[in-house]
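Q: Could you take me on a close look at one strand and its surroundings, and then follow the chain to the neighbouring parts? I would like to know what sits where.

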Amino acid sequence: MPTSAPSSSTQKKCKREKKDKSKRLDTSTLSDSTLTASSAATSAVPTPLSTTRAPTPTAPTPADVSAYLKAHNITIHTPSSSTAVVPMLSFSQLDEHIPQALRDALKSFKEPTPIQACAWPTTLRGDDVVGIAETGSGKTLAFGIPAIARIAPSTPQCVSQNSKKSKGKSTTTASISALVIAPTRELAIQTHDTMTMLGEPFGLRSIAVFGGVDKEPQKRALREAGAAVVVGTPGRIMDLMDEGVCDLSRVTYLVLDEADRMLDKGFENDIRKIMKGCAPVEQRQTLMFSATWPEAVRRLAATFQRNPIRITVGSDDLTANSRVEQTVEVFDDQREKDSRLTAHLRALQHKKTSLTGSDEKRILVFALYKKEASRVEQTLRRAGYAVGSIHGDLSQAARMESLEAFKSGKTGLLVATDVASRGLDIPNVGTVINYTFPLTVEDYIHRIGRTGRGGKSGKAITFFTGDGHERGLAGELAKILRDGGFDAEPLKKFPMTIKKKEHGAYGAFYKDTSGAAAPKRLKFT
Ligand SMILES: Nc1ncnc2c1ncn2[C@@H]1O[C@H](COP(=O)(O)OP(=O)(O)OP(=O)(O)O)[C@@H](O)[C@H]1O
């Protein structure tokens with residue numbers, strides 16, 4: 001059936017509304033004091049569309065807000081020039097800020113997660129934000145929804161016209177408006193899938209750019225089709241920038257996912273270069289999200305942002321997902337690990353064959369080194385298990401195949417290095433087994449966060465020998481276990497000192513050059 005063209009009055013209305021919207025978005029580029037003046041506490045919920053509108057019936061009362069912040073142990077640091085952040089306690093509060101078609105993406109969920117509730121009001125009004133919340137708590141949509149809201153047509157009428165025209169085929173967009181940078185290829189692909197889903201009703205295209213695969217299709221996609229959103233890993237983004245096919249100069253919405261990792265030694269200089277290619281900081285919204293936010297990167301992060309609002313769900317200290325039950329087993333002899341691993345698989349009644357039901361629990365085993373991952377995989381295969389692996393010695397195609405087989409249940413067991421520790425949202429991982437402890441306790445938090453996602457519970461079993469790097473991490477691990485209410489006794493034979501961490505690149509010599517005024521700390525208890 002042919003699609004009828006929109007009437008000229010509808011077209012005019014859409015144009016007018018687009019113009020209004022771009023005016024509205026411009027406020028995000030003004031100084032903080034202007035932003036404060038225009039959105040001063042006239043209502044409990046930010047109302048960028050109108051200042052005369054009566055309060056929304058769904059707006060929470062200050063008492064509701066206070067109780068919510070307390071219940072979820074949320075702390076919000078707001079720079080003195082910014083307006084207080086009032087969380088959105090229900091999806092209906094999004095209605096006046098985002099188009100219906102975007103709201104539809106949330107329909108399978110009951111309510112916003114705490115990080116979404118607190119991040120949306122501030123990201124939608126144009127602030128820079130640091131969002132720290134436990135693994136599996138919905139951070140992708142916390143930054144994904146505002147990204148699309150910023151570039152999508154603003155009204156349901158415009159949306160429906162556009163989606164009729166463009167459903168299935170994406171609109172050619174000359175400029176990239178939003179950029180999400182992720183530390184691993186698999187995470188970039190996963191986030192790109194989410195952005196594609198969110199942008200699809202509006203004909204907004206997302207392109208994933210990551211290494212380990214042929215550059216040509218990515219170059220062609222960028223050159224020929226264009227994209228409103230790019231999600232990628234730093235190395236490939238820089239390559240494509242250098243080749244002149246990835247123009248980021250119009251990127252006004254920039255996200256560092258797994259931000260502490262992105263600012264760590266090894267990535268930091270790449271991030272600086274990429275940011276230089278984006279719109280300048282005054283015209284850009286820069287967002288950082290992670291489950292871990294070590295002191296060592298905090299001040300450095302602030303130098304990339306403009307008066308950021310920091311939202312912390314949970315403790316300011318390093319904490320694990322509260323729905324993951326953690327146990328640690330100490331070994332005197334490394335060689336005991338293999339038999340313990342298979343004993344656990346038996347105790348968990350893990351099937352050796354492929355899984356049939358999609359709700360059957362998968363098990364993720366983390367090793368530290370590529371060779372070790374490969375050896376553990378072989379051991380499990382010899383023991384008769386359907387098992388796959390993900391590590392840096394495999395081609396990207398093999399990595400993607402292993403991940404798919406694990407997701408589908410063809411293999412219910414996956415052995416991985418830390419390339420799989422951050423961000424991956426794999427349904428029904430019931431247990432994470434740390435065969436060898438990671439190099440940092442942050443990595444431990446991210447690894448075990450592959451289970452217990454989206455409100456489900458999970459289990460983490462950690463083998464600990466105290467050899468090499470492990471010895472110096474025993475104190476930090478014990479603290480995490482105790483903070484979560486779990487048994488840290490097995491670790492007591494190791495030194496319990498906790499070393500102050502330094503930024504990988506700057507160490508003790510790092511100096512804050514942001515010149516930003518110290519933020520006031522708002523703790524809602
Ligand atoms: N409001 C919500 N209610 C219930 N589930 C949600 C909600 N929002 C997102 N989810 C689901 O929660 C799961 C975890 O989300 P996501 O991958 O964004 O977590 P994350 O916080 O980024 O985790 P990580 O720190 O490991 O990267 C996803 O399957 C997502 O679809």
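A: Happy to. Let's start with strand β3 (residues 178–181): Ala178 and Val180 point one way from the strand, Leu179 and Ile181 point the other way, and all are buried. Buried here stands for 20 or more other C-beta atoms within 10 Å of a residue's own, with exposed at 12 or fewer and partly exposed in between; the C-beta atoms are placed from the backbone. In a regular strand, side chains alternate between the two faces of the sheet. Please keep in mind that this is a predicted model: local features need pLDDT of at least 70, side-chain atom pairs count only at pLDDT 80 or more, and totals for chains, interfaces and linings use all residues. Residues are numbered from 1 along each chain as its sequence is written.

Now for the partners of β3. Strand β5 (residues 229–232) runs parallel to β3, joined by four bridges, and Ile181 has Gly232 as its bridge partner in β5. Strand β6 (residues 253–257) also pairs with β3 in the parallel sense, over four bridges, with Val255 of β6 opposite Val180. Pairing requires at least two DSSP bridges between two strands. Strands (E, at least two residues) and helices (H or I, at least four) are DSSP runs, numbered from the N terminus.

Next come two helices. The axes of α10 (residues 234–242) and α12 (residues 268–277) come within 10 Å and cross at roughly 45°, which makes α10 oblique to α12. Oblique is what remains once angles under 35 degrees count as roughly parallel, over 145 as roughly antiparallel and 65 to 115 as roughly perpendicular. Axes are lines fitted to C-alpha atoms, for helices over the stretch in contact, and angles run from 0 to 180 degrees between N-to-C directions. From α10, Pro234, Gly235, Ile237, Met238 and Met241 make the contact, and from α12, Asp270, Ile271, Lys273, Ile274 and Gly277. Contact means C-beta atoms, placed from the backbone, within 7 Å.

Note on methods. Two residues are in contact if their C-beta atoms, placed from the backbone, lie within 7 Å.
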